[in-house]
Amino acid sequence: MIAFENVSVSFDATEALSCVNLQVAEGVLCALVGPSGSGKSTLMKLVNRLVEPSAGRVLVRGADVAGQDPARLRRSIGYVMQSTGLFPHRTVAANIGTVPRLLGWDSSRIATRVADLLELVQLDPDLAQRLPGALSGGQAQRVGLARALAADPDILLMDEPFGAVDPITRRDLRAELRRIHAGTGKTILLVTHDPEEALELASQVVVLRDGAVVADGAPAALVAEDAPEFARTLLGGGQPGLRRLSLLPAEVARDACPAPADAPALPEGATLADALSRMAETGRDVLALGKGSLRLEAVLARGR
Ligand SMILES: Nc1ncnc2c1ncn2[C@@H]1O[C@H](COP(=O)(O)OP(=O)(O)OP(=O)(O)O)[C@@H](O)[C@H]1O
Ligand SMILES: [Mg+2]
């Protein structure tokens with residue numbers, strides 16, 4: 001769906017990206033992580049031609065973006081900017097309706113869509129007629145998200161979309177994004193500084209450092225013992241073993257033998273971290289999992 005082939009980007013003396021090769025398949029939510037200045041926003045902006053490569057090619061839906069009209073390309077891709085980028089002299093409703101208006105939707109269809117989106121991102125309908133300057137940072141970010149979703153694009157670029165919201169709203173918006181992704185199969189590139197967010201939401205995580213991709217893989221693989229040290233430290237925080245267990249379903253370590261009758265049970269959908277917590281809580285080294293069992297040694301063997 002999105003491919004970067006030997007892409008480099010130079011701004012005057014700075015090489016922001018050097019020879020990046022990366023593929024993001026259709027329907028994948030791919031998280032881009034890395035220190036400040038590592039090239040995450042630059043990589044994202046190549047997709048909708050806000051940045052041009054100085055070498056290499058960027059393919060979107062199988063076609064080189066260099067041959068595509070930038071305005072049309074941008075209308076077909078939802079983009080949540082790092083700094084929200086709302087139009088300051090347009091109301092919230094007009095901001096959200098930007099792309100539908102450019103696509104020629106009639107005003108009643110736009111109004112309905114705006115109302116639906118305000119509800120989706122949990123904003124009061126009364127905010128529709130406000131100007132962005134009169135919103136809190138978190139409200140403005142939610143308007144930015146609604147604007148990106150307005151014309152139901154198949155590709156979404158999200159540059160730290162939840163940076164300015166409190167932890168509870170952040171959790172809600174994260175759940176909302178997971179729901180949107182699961183329900184629509186959109187291809188999503190998400191820049192985040194929050195390792196937990198990256199590991200929880202994404203099925204592909206890309207770690208950037210000094211303009212180069214240093215790791216690219218499934219969340220659990222990037223906190224495994226054999227993952228590149230930089231990725232493991234960045235994503236695993238101080239507890240890579242526990243982080244890894246939290247990404248693996250308990251089923252992967254299940255033993256078909258039944259557990260003793262008095263063993264505590266682990267609910268369906270639990271992770272190996274949940275299992276470890278349950279064992280710590282109950283002082284038992286075996287749990288019942290469905291018709292089988294889960295043993296402490298089997299859990300520990302998966303933490304590496
Ligand atoms: N328009 C520009 N002109 C000159 N240099 C730029 C420009 N945009 C980005 N850079 C430089 O390119 C490098 C990568 O920037 P980029 O914005 O991609 O980083 P980032 O990983 O998104 O960082 P952050 O986490 O702080 O947002 C930085 O050194 C930055 O200063
Ligand atoms: Mg950035």
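Reader: What does the domain assignment give for the protein chain?
Author: Domain 1 (2-239) and domain 2 (248-301), with bounds from an automatic or database domain assignment. This is a predicted model, where local features need pLDDT of at least 70, side-chain atom pairs count only at pLDDT 80 or more, and totals for chains, interfaces and linings use all residues. Residues are numbered from 1 along each chain as its sequence is written, chains are lettered from A and ligands numbered from 1 in the order in which they are written, and side-chain values use heavy atoms, with hydrogens and water left out.

Reader: How many Å separate the domain centres?
Author: 37 Å, taken over C-alpha atoms.

Reader: OK, sheets. Which strands form the open one, and in what order?
Author: Four strands, ordered S2-S1-S4-S5, with antiparallel pairing. Strands here are DSSP runs (E, at least two residues; helices are H or I, at least four), numbered from the N terminus, and two strands pair if DSSP finds at least two bridges between them.

Reader: Which strands stand at the edges?
Author: S2 (14-24) and S5 (63-64); each has a single partner strand, so one side of each is left without a neighbour in the sheet.

Reader: And how many bridges between S1 and S2?
Author: Seven, with S1 covering residues 2-11. Val7, for one, has Val20 in S2 as its bridge partner.

Reader: Switching to helices: which residues of H11 meet H12?
Author: Leu242, Leu245 and Ser246 in H11 meet Leu272, Ala273 and Leu276 in H12, where contact means heavy atoms within 4.5 Å.
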